[in-house]
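Please look through the structure shown here.

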Amino acid sequence: MDIIEAWLADLGRVLNGERPIVIDVRIGVFYTGAQLSTGEMGLAFTPRDLADTVCCPRSAAAAPQSGRLAGQEAWALAREALSPVPLRRAIGVAVLNALSARAMARSGVPGGRVLAGVDALDAAEIRPEDHVAMVGAFVPFLKALKGRVAGLSIIDKHHDAVKPEELPFWRPPEEAVEALAQATVAIISGSALVEGGIDALLAAARGARRVVLAGPTASPWPPPFFERGVDVLGGIRIRDGQAILQIVSEAGSGYFFERAAEKISIVRE
């Protein structure tokens with residue numbers, strides 16, 4: 001069972017008997033949001049550079065059911081996280097994050113503790129002697145780590161995600177497994193839950209001292225992730241769902257979430 005399947009199954013166990021409806025879905029430029037009838041909402045990275053976004057007939061069969069998403073049962077839309085189509089996966093992961101917020105409100109965080117307002121990088125407790133491999137160019141993390149750790153690799157499919165002077169740190173995606181296998185600290189973008197490959201990345205990072213899943217997409221129900229070696233989930237807790245939906249719809253990125261959400265780090269105990 002891969003991690004998405006395990007996430008879905010464990011939430012079904014914890015929320016057994018609850019059948020919330022998805023009352024709102026927004027697919028923004030940077031993030032996709034979904035809100036439940038119970039009030040919780042979740043976010044997921046919106047994938048870009050997709051071949052299946054060519055308008056219109058060629059992509060219609062694969063595209064999300066525009067105009068018919070809101071009003072569906074949450075469990076049905078959550079299964080879109082298993083879709084081969086990235087944009088559908090974004091919707092499914094957003095719904096899974098909303099259901100995760102519901103599960104944590106009901107059952108707490110088994111096997112972990114929540115550090116409110118704590119950045120994932122701080123929760124990771126990185127040491128000067130660490131070799132850090134980062135999948136996805138987190139600009140604030142890169143600034144904080146440059147010159148402060150023994151080794152740093154940034155794996156990103158876009159080499160222009162880093163500044164010209166930072167290119168020595170950049171490595172292409174095909175080198176991700178090697179970089180993670182050599183790392184003492186692995187930081188993986190939550191966007192991998194949408195773009196695919198998360199299971200392979202976690203398997204490659206199995207020997208790391210600390211494994212971190214970070215970003216607004218990294219706000220899942222923790223137990224399945226802890227079981228697969230994740231030590232820190234650096235996500236967000238949404239305080240004002242309507243504000244977040246508006247921000248997502250207006251092409252807002254994570255930099256705009258602060259007034260409506262707080263950073264949290266969930267640390268495995």
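Strand β9 (residues 210-214) is largely enclosed by the rest of the structure, because five of its five residues are buried, that is, under 20% relative accessible area with a 1.4 Å probe and protein chains only. Strands here are DSSP runs of E with at least two residues, and helices are runs of H or I with at least four, numbered from the N terminus. This is a predicted model, in which local features need pLDDT of at least 70, side-chain atom pairs count only at pLDDT 80 or more, and totals for chains, interfaces and linings use all residues. Residues are numbered from 1 along each chain as its sequence is written, and side-chain values use heavy atoms, leaving out hydrogens and water.

In a regular strand the side chains alternate between the two faces of the sheet. From β9, Arg-210, Val-212 and Ala-214 point one way and Val-211 and Leu-213 the other, and all are buried. Strand β8 (residues 185-189) runs parallel to β9 and is joined to it by five bridges; two strands pair if DSSP finds at least two bridges between them. Ile-187 has Val-212 as its bridge partner in β9. β9 also pairs with strand β10 (residues 232-238), in the parallel sense over three bridges, and there Leu-213 stands opposite Leu-233.

Another region is an open sheet of three strands in the order β1-β2-β3, with antiparallel pairing. β1 (22-27) and β3 (41-45) stand at the edges with a single partner strand each, so one side of each is left without a neighbour in the sheet. Strand β2 (residues 31-36) is joined to β3 by five bridges, and Gln-35 stands opposite Met-41 in β3.

How values were computed
Buried means under 20% relative accessible area, exposed over 50%, partly exposed in between (1.4 Å probe, protein chains only).
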